[in-house]
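User: I've got a model open and would like to talk through what it shows. Can you take me around it?

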Amino acid sequence: MIAEKKYLKPSTIAEAIKFANDFIDDFCFVAGGTDVLVNKFQGNKDISCLIDISNIPELKKVSVLKDKLNIGALTTLESLKQHDIIEERFPALLIAAQEVASPMLRKTATIGGNVLCENRCSFYNQSEWWREAIGYCLKCEGDICIATGGKKACFSKFVSDTAPVLISLGAKIELMDINGCKTVDLESIYTGDGIKPRNVPETAILKNIILPLDIHFKVIFKKLRPRQAVDFTSLTTAVSLSSNGNLRLVVGGCDPKPVVIDGSIDGNLEEYIKKALAKSRVVDNDYYSRKYRRDMMKLFLEESVNELLK
Ligand SMILES: Cc1cc2nc3c(=O)[nH]c(=O)nc-3n(C[C@H](O)[C@H](O)[C@H](O)COP(=O)(O)OP(=O)(O)OC[C@H]3O[C@@H](n4cnc5c(N)ncnc54)[C@H](O)[C@@H]3O)c2cc1C
């Protein structure tokens, strides 16, 4: 029997959460839809109920509250630059947002959807027929990871470009579900398991991304990809130096979750880079080889640290 298809468009967060609980296990929130709908049409995500949250005004606000900047989850990547405070205090976030996809996509793609976008792998992001021909993979219907031949772990890569910068800036996120609102560190939602890369409750709405205004940061962002537009990342790095001397190295695109190394500007910089390389579980599931991405990671991190020290 074909499941009945549903499309719902709540106008408040409470209504969205209610719909989510009504259709638990068979729904998906849609913000800009540039990630989730592609996965749905490729057959990677089989869901009957779409809950379109794009009409919820509460999720579109950008505001300053004491020493915090709240960026509503529905803020589009394109519109981030309209906010002077973001340009003034967090220019690296604008650079990262401008590196996502293409101009057209950035007009609908949201920052919330970006930090929650699905992991990718060259053996997973293919048409249904392609995947069927290779017997599917661990992330979707199969029982083996095509990239490694293993049966236990999926190494689909974390591809959000804004998340590494946000994590380097100490971002927190505000999540709301039926039990109320909670604020957690952005990096804490990523599991490192390529099959289920995030541990956010399924029915929770991401309300705000929160950045600290009482600390100043200098951030260097870099991204490796075959073409300068449209292509997803093969490697993203964000290295920050805060006004209190903390250094944070964040690597995306080379592991199922963002790899984060904390240190200080007076610490052993070479050691931090070695740690980032050791922690990144890079496998051959990308346009570029594993070796090339690891070599580039070392180079990007060295260059970033040197630029920060200048
Ligand atoms: C051709 C192409 C190129 C791309 N290139 C890049 C790239 O270079 N870098 C990159 O990072 N991404 C890229 N993307 C992926 C995507 O466009 C972006 O990640 C985008 O920011 C996703 O935002 P969205 O609003 O469209 O998310 P959606 O597709 O609407 O949602 C993504 C996920 O987040 C969940 N979600 C969204 N908002 C909320 C919320 N407020 N609360 C709870 N759950 C929510 C959805 O349920 C879904 O699971 C590309 C996509 C395409 C099609």
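Predicted model: local features only at pLDDT ≥ 70, side-chain atom pairs only at ≥ 80, totals over all residues.

User: Which residues of helix 9 are buried, and what arc do they fall within?

Analyst: Helix 9 spans residues 269-279, and its buried residues are Tyr272, Ile273 and Ala276. Looking down the helix 9 axis, the buried residues line one face of the helix, because they fall within an arc of 95°.

User: Which strands stand at the edges of the open sheet?

Analyst: The open sheet has 3 strands, paired in parallel in the order 1-3-2. An edge strand here has a single partner, so one side is left without a neighbour in the sheet; that goes for strand 1 (6-8) and strand 2.

User: What is the bridge partner of Cys28 in strand 3?

Analyst: Strand 2 runs parallel to strand 3 (residues 49-52), and 4 bridges join them. In strand 3, Cys28 has as its bridge partner Leu50.

User: How many residues of the shell around the ligand are charged?

Analyst: There are 32 residues around the ligand. They divide into 21 nonpolar and 9 polar ones, and the charged ones number 2.

User: And which residues come nearest to the ligand?

Analyst: Strand 2 (27-30), helix 2 (36-41), helix 6 (111-115) and strand 8 (205-212) each supply at least two residues of the shell. Domain 1 (1-51) and domain 2 (59-120 + 156-309) each give at least three. Nearest to the ligand come Gly32, Asp35, Gly113, Asn114 and Leu116.

Technical notes. Residues numbered from 1 in each chain as written. Near = placed C-beta within 6 Å. Nonpolar A, V, L, I, M, F, W, Y, C, P; charged D, E, K, R; others polar. Domains from an automatic or database assignment. Pairing = 2+ DSSP bridges. Buried ≥ 20, exposed ≤ 12 C-beta atoms within 10 Å, placed from the backbone. Arc of directions from axis to C-beta.
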